Amino acid sequence: MADTAQFGSRQVPLADKQALVDDVFRSVAQRYDLMNDLMSFGLHRAWKDALVTAVNPPKTRPFALIDIAGGTGDVALRVIEAGGEGARATVCDINPDMLAVGRERAAARSRVGVVTFTEANAEALPFKDRSFDAATIAFGIRNVPRIEAALAEAFRVLKIGGRFLCLEFSAVNVPGLAALYDAYSFNVIPALGRAVAGDAESYRYLVESIRRFPKPRQFADMMRAAGFARVSFQPMTGGIVALHSGWRL
Ligand code: SAM
């Protein structure tokens with residue numbers, strides 16, 4: 001079927017997916033960070049640490065990061081903490097409720113002006129070509145209806161020599177773990193979503209969308225098709241997540 005997209009386990013018209021995704025994140029925004037800790041037993045912090053290590057923000061020169069689908073600013077704040085005084089981060093996200101939580105967090109950590117927040121669609125970023133030293137997207141790309149468009153935009157806004165890093169749920173590659181992970185994901189996570197965020201359906205979508213996301217090799221090919229060079233990926237925690245990397249050369 002032409003012009004359809006996967007929304008969790010459902011095929012929906014491509015044009016409808018974004019609004020459905022927006023409903024999910026509007027619903028979960030206030031509890032998003034707490035739920036991340038609960039659902040992943042805090043593991044998302046280690047995965048994000050690996051992402052920040054790969055970004056490797058310099059200590060002594062200016063550095064501009066764009067964190068795409070950056071939500072509540074978690075990755076951007078971590079990169080700023082790891083970088084030097086010249087580090088700046090632009091968080092863009094399509095969802096104003098996620099951004100509002102992020103602005104509050106940045107203010108609470110005295111990072112106003114260092115981390116800035118822009119409402120924007122990853123498929124059409126409102127920034128000039130070659131504006132950023134690094135582009136990150138964490139647990140965001142599978143929510144974007146046109147993944148190819150988002151990859152092309154990340155490539156466009158990167159400076160030559162800039163690096164793109166994508167952290168995303170992936171395909172579990174340890175047999176025993178796969179069964180356990182499925183049982184946990186499909187039973188415990190929606191129940192946790194209902195108990196903590198008052199919303200089981202949104203968390204069911206999050207679990208289903210993970211299963212539908214391209215496998216690491218296939219996603220690496222999509223990155224190459226967007227123009228990225230030296231594409232590589234690193235599975236983590238038995239393949240629960242993968243960190244993809246590519247360069248604009
Ligand atoms: N990167 C953050 C993190 O790791 O904590 C947030 C990840 S959250 C699972 C996914 C985010 O993608 C949401 O904030 C959602 O609003 C955003 N998103 C979904 N579709 C988007 C789009 N087309 N453009 C920009 N952001 C989008």
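1. Ser245 is buried, at 4% relative accessible area (buried means under 20%, with a 1.4 Å probe and protein chains only). Its place is strand E9, residues 241–247 (a strand is a DSSP run of at least two residues, numbered from the N terminus). The side chain of Ser245 makes a polar contact of 2.9 Å with the side chain of Arg163 (N or O atoms within 3.5 Å; within protein, one able to donate a hydrogen and the other to accept it, and residues adjacent in sequence count only if both atoms are side-chain atoms).

2. On the basis of the values: this is a predicted model, where local features need pLDDT of at least 70, side-chain atom pairs need 80 or more, and totals for chains, interfaces and linings use all residues. Residues are numbered from 1 along each chain as its sequence is written, and side-chain values use heavy atoms, without hydrogens and water.

3. Arg105 is found in helix H5, residues 96–108 (a helix is a DSSP run, H or I, of at least four residues). Arg105 is buried too, with a relative accessible area of 18%. A polar atom of the Arg105 side chain lies 3.3 Å from the backbone oxygen of Thr72.

4. Now the ligand. A polar side-chain atom of Asp93 is 2.6 Å from a ligand oxygen atom. A polar side-chain atom of Gln18 lies 2.8 Å from a ligand nitrogen atom. A polar backbone atom of Ala69 is 2.9 Å from a nitrogen atom of the ligand. The protein covers 99% of the 600 Å² of accessible area that the ligand has on its own (Shrake-Rupley method, 1.4 Å probe).

Methods: Buried < 20%, exposed > 50% of the residue type's maximum accessible area, 1.4 Å probe, protein only.
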